[in-house]
Amino acid sequence: PESGMRSYVDKHLQKAGASDTSIFEDAALLAIHRYTGGVPGAVSALCEQLLDKAASKKSRIVTASLVASVFVSSVVVKLLWDVISVIVAGYMFLCLY
């Protein structure tokens, strides 16, 4: 499964017009697989975030540390959003009853 990560990511980079598909370090690909479980949609979404972040840092390489940073940031944002949603739903429930 992890060995297919390189071909999956490379195929999508080529489809997007990338001439150099060595953007993702091997360790980064292993981290992506570990964090996403290899689920294609999750892999694609995380890779898109990683490419955006790498570009904003003017980096041509996606490293395992960047993967960890972006993944943790996205998990924290989702967790905060979930907490806020529960608080708002609870408040609305109390207001209605």
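Colleague: At what angle do α2 and helix α3 pack, and how far apart are their axes?

Modeller: Some ground rules come before the answer. This is a predicted model, in which local features need pLDDT of at least 70 and side-chain atom pairs count only at pLDDT 80 or more, while totals for chains, interfaces and linings use all residues. Residues are numbered from 1 along each chain as its sequence is written, and side-chain values use heavy atoms, with hydrogens and water left out. Helices (H or I, at least four residues) and strands (E, at least two) are DSSP runs, numbered from the N terminus.

Modeller: Two packed helices are described by the angle between their axes and the distance between the axes. Axes are lines fitted to C-alpha atoms, for helices over the stretch in contact, and angles run from 0 to 180 degrees between N-to-C directions. Here α2 and α3 (residues 40-56) pack at about 130°, and their axes are 10 Å apart.

Colleague: Which word describes how α2 and α3 lie to each other?

Modeller: Angles under 35 degrees count as roughly parallel, over 145 as roughly antiparallel, 65 to 115 as roughly perpendicular and the rest as oblique. α2 and α3 are therefore oblique to each other. Their crossing is right-handed; a crossing is left-handed if the near helix is turned anticlockwise from the far one by less than a right angle, and right-handed if clockwise.

Colleague: Which residues meet where α2 packs on α3?

Modeller: Contact means heavy atoms within 4.5 Å. From α2 come I32, Y35 and T36, and they meet A42, V43, L46, C47 and L50 of α3. The residues of this contact divide into 7 nonpolar, 1 polar and no charged. For that count, Ala, Val, Leu, Ile, Met, Phe, Trp, Tyr, Cys and Pro are nonpolar, Asp, Glu, Lys and Arg are charged, and the others, Gly among them, are polar.

Colleague: Is T36 buried or exposed?

Modeller: Buried means under 20% relative accessible area, exposed over 50%, partly exposed in between (1.4 Å probe, protein chains only). T36 has 12% relative accessibility and so counts as buried. Not counting residues up to four places away in sequence, T36 touches A42, V43 and L46. The buried residues of α2 (residues 26-36) are A28, L29, A31, I32, H33 and T36. After α2 comes G37, with a positive phi near 70°.

Colleague: What does L46 contact, beyond its neighbours within four places in sequence?

Modeller: L46 is in contact with I32, Y35, T36, V67 and V70. It is found in α3 and is buried, with a relative accessible area of 6%. The C-alpha atoms of L46 and F71 are separated by 7.4 Å, although these residues are 25 apart along the chain.

Colleague: Now α1. Which of its residues are buried?

Modeller: An α-helix has 3.6 residues a turn, so residues three or four places apart point the same way. In α1 (residues 3-15), the buried residues are M5, V9, D10 and L13. They cover an arc of only 120° around the axis, which puts them on the same side of α1; the arc is that of the directions from the helix axis to the C-beta atoms. S3, Q14 and K15 are exposed on the other side of α1. The cover over the buried residues of α1 includes α2 and α3.

Colleague: How do α1 and α2 cross?

Modeller: Their axes come within 9 Å and cross at roughly 100°, and α1 and α2 are therefore roughly perpendicular to each other. M5, R6 and V9 in α1 meet D26, L29, I32 and H33 in α2. This contact of α1 with α2 divides into 4 nonpolar, 1 polar and 2 charged residues.

Colleague: And how do α1 and α3 cross?

Modeller: The axes of α1 and α3 come within 11 Å and cross at roughly 60°. The two helices are therefore oblique to each other, and the crossing is right-handed. M5, Y8, V9, H12 and L13 of α1 make the contact with P40, V43, S44, C47 and L51 of α3. The residues there divide into 8 nonpolar, 2 polar and no charged.

Colleague: What is the phi of K58?

Modeller: K58 has a positive phi of about 60°, although it is not a glycine. K58 lies in the loop between α3 and α4 and is exposed, with a relative accessible area of 75%.
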